[in-house]
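Here are my notes for you, written as a colleague would jot them down. Keep the structure open while you read and look for each piece as it comes up.

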Number of protein chains: 2
Amino acid sequence: MKVLVVGSMAYDSVETWAGKRDRALGGSATYFSLAASLFAPTEVVAVVGDDFAASDLARLRDRGVGLAGVQQVPGETFRWGGRYSRYFETRETLFTELNVFSSFEPEIPAELRDAEVVFLANIHPRLQLSVLEQMTAPKFVALDTMNFWINGERAHLEQVMKRIDLLLLNDEEAFALSDSGNMLEAAKTIMTMGPDVVVIKRGEHGAWLFAKDHTGLVPAVPLAEVIDPTGAGDTFAGGFIGYLARAEDFSLDSLKQAMVSGTLAASYCVQDFSVDRLEIITMNDLAVRHTRLREVVSSLDATFVS
Amino acid sequence: MKVLVVGSMAYDSVETWAGKRDRALGGSATYFSLAASLFAPTEVVAVVGDDFAASDLARLRDRGVGLAGVQQVPGETFRWGGRYSRYFETRETLFTELNVFSSFEPEIPAELRDAEVVFLANIHPRLQLSVLEQMTAPKFVALDTMNFWINGERAHLEQVMKRIDLLLLNDEEAFALSDSGNMLEAAKTIMTMGPDVVVIKRGEHGAWLFAKDHTGLVPAVPLAEVIDPTGAGDTFAGGFIGYLARAEDFSLDSLKQAMVSGTLAASYCVQDFSVDRLEIITMNDLAVRHTRLREVVSSLDATFVS
């Protein structure tokens with residue numbers, strides 16, 4: 001099945017203990033599509049400025065990402081700058097310049113409107129709704145959001161939530177959206193708002209899947225060294241959604257495998273700045289790390305000795 | 001094998017969203033021994049005041065806990081008071097009254113000195129050392145500690161760490177002890193300080209086992225409602241150490257099962273105030289929850305589809 005993602009393409013300036021990168025390729029649609037395209041044909045709808053390098057578009061194209069929905073318009077590309085503390089306990093936003101992104105009105109090219117799987121990355125919920133209205137008959141719609149919309153655009157967000165299959169969000173967002181600090185209670189509340197499936201991302205603590213009759217965790221791959229966690233959540237989403245599109249199936253078994261796939265992709269994302277690692281990984285890399293992740297939870301392989 | 005624990009017996013005053021308890025039975029040795037005694041004969045070395053109720057001693061005795069090493073002396077029992085925020089994000093200590101605990105000098109009764117498995121709960125490292133000097137030939141020694149000793153009694157702590165097999169601590173303590181904010185790096189550093197095995201407890205995020213050639217996670221049992229998390233760490237330790245003593249084996253396979261056992265015991269501890277739930281659980285309760293925990297990580301059961 002074909003995957004369509006609507007989100008941002010950006011230039012990020014990032015500082016971590018490992019160094020500094022200026023104007024590095026970033027944005028939710030960028031990370032997402034590089035991960036999803038490992039599994040299934042992936043099309044991006046986004047906007048960039050006339051400063052956006054042809055070589056950066058080529059990096060996506062080289063990985064098979066479709067760019068027919070990327071509008072290049074006069075002005076500067078969305079830019080974000082941030083600085084992380086030594087062990088990523090905190091992140092400071094240094095600047096956010098929306099630039100051409102501020103007047104982004106996603107237009108889905110006619111030939112992409114039949115995409116079966118849609119990922120609405122973290123943009124204004126009004127725009128997320130307008131995308132859904134342009135699609136002909138998506139089979140599976142997933143949505144990401146953030147506290148900014150949860151607190152400031154609640155009505156629009158609740159409207160779009162009624163039309164999605166899956167909400168992906170981090171724990172802080174889940175707690176804000178549900179007004180609960182208990183993860184199970186939060187997921188249950190969110191499921192009454194629309195989506196049948198909720199995924200709560202908890203960074204280094206892994207990600208939880210909530211579906212009918214299932215509550216499951218896939219731990220993050222433990223890493224001795226993280227270089228730059230920017231984009232890990234969107235990479236997770238890309239691995240997740242790409243897997244589902246490849247499986248052409250949205251059953252619980254597929255969702256569980258999608259959790260693993262997202263986790264493995266994200267584990268590579270954080271091991272270098274920008275998409276530098278993500279854009280070169282192979283299915284074999286994922287398989288190797290899968291074996292390692294199974295070993296992490298192998299304490300539960302044995303039956304309980306009573 | 002016989003388990004010996006040296007730690008505190010206390011009366012706790014606890015406030016959580018679920019209510020308030022005054023002078024509730026608590027203390028590291030109490031929680032530990034109630035969990036460990038599910039698996040193996042367990043002996044407590046501790047001190048209580050003359051206010052300590054015979055009925056509270058009976059609660060331990062009824063679960064098979066040996067109390068020959070509990071000294072009852074004139075004065076008041078150790079008391080601690082604390083208040084938790086709604087979802088246990090923070091804990092405020094309202095008071096700590098050491099009382100008879102302030103002059104505690106653990107004396108191991110002659111008939112207990114041959115215990116094969118020793119748990120040194122969180123007390124002054126100087127006292128932990130003095131216990132080890134009284135034991136004849138322990139086969140496995142585990143230690144708990146806290147930031148207070150890590151920062152204030154580092155030399156004593158490092159001395160006792162050279163003589164132990166296992167250090168159990170929470171993530172914050174592991175980071176302080178190793179001067180690292182990365183869990184793998186922290187565990188590696190701590191292993192150079194003595195113990196061959198390190199367990200890092202991360203509360204609702206589960207517990208990690210670090211041993212030669214193994215890094216593993218056992219997630220905490222996800223719970224929709226926590227009543228009182230006091231004692232969860234000591235209960236984990238009790239389930240863990242009790243399991244090892246029952247297995248009479250300290251191999252990696254046993255350590256992995258011990259992680260599961262500790263996790264299951266702790267999951268019951270937090271579901272009521274004080275030891276109210278812990279003191280009534282059975283092996284069958286643990287088995288039921290074991291099945292549930294396996295389901296939590298079942299996404300990793302399948303092989304990776306590449």
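Predicted model: local features only at pLDDT ≥ 70, side-chain atom pairs only at ≥ 80, totals over all residues.

1. Let us begin with two helices of chain A. Two packed helices are described by the angle between their axes and the distance between the axes. For helix H3 (residues 125-134) and helix H5 (residues 154-161) of chain A, the axes come within 8 Å and cross at roughly 30 degrees. Angles under 35 degrees count as roughly parallel, and H3(A) and H5(A) are therefore roughly parallel to each other. Their crossing is left-handed.

2. Which residues make this contact? From H3(A) they are A:Pro125, A:Arg126, A:Gln128 and A:Leu129, while H5(A) gives A:His156, A:Leu157, A:Gln159 and A:Val160. Sorted by class, the contact of H3(A) with H5(A) has four nonpolar, three polar and one charged residues.

3. Now find helix H6 (residues 171-178) of chain A. Its buried residues are A:Glu173, A:Ala174, A:Phe175, A:Leu177 and A:Ser178. What covers them includes helix H4 (147-152), strand S10 (166-170), helix H7 (183-191) and strand S11 (197-201) of chain A. After H6(A) comes A:Asp179, which has a positive phi near 55 degrees.

4. Turn to chain B for a sheet. Strands of a sheet pair through backbone hydrogen bonds, either parallel or antiparallel. Here four strands form an open sheet in the order S3-S2-S6-S7 (chain B), and the pairing is mixed. Strand S3 (19-26) and strand S7 (91-97) of chain B are the edge strands, each pairing on one side only. On average, neighbouring strands of this sheet are turned by 15 degrees against each other, direction ignored.

5. How many bridges join strand S6 (residues 78-84) of chain B to S7(B)? There are six, and the two strands run antiparallel. To see one of these pairs, look for B:Gly81, whose bridge partner in S7(B) is B:Phe95.

6. Finally, look at where the chains meet: 36 residues of chain B are in contact with 37 residues of chain A. On the chain B side, the elements giving two or more residues are helix H7 (183-191), strand S13 (214-218), helix H9 (252-269) and helix H10 (283-296). The largest share, seven residues, comes from H10(B). By class, the side of chain B that touches chain A has 21 nonpolar, ten polar and five charged residues.

Technical notes
Residues numbered from 1 in each chain as written. Chains lettered and ligands numbered in written order. Axes fitted to C-alpha atoms, helices over the stretch in contact; angles between N-to-C directions. Parallel < 35°, antiparallel > 145°, perpendicular 65-115°, else oblique. Left-handed = near helix turned anticlockwise from the far one by under 90°. Contact = placed C-beta atoms within 7 Å. Nonpolar A, V, L, I, M, F, W, Y, C, P; charged D, E, K, R; others polar. Buried ≥ 20, exposed ≤ 12 C-beta atoms within 10 Å, placed from the backbone. Pairing = 2+ DSSP bridges.
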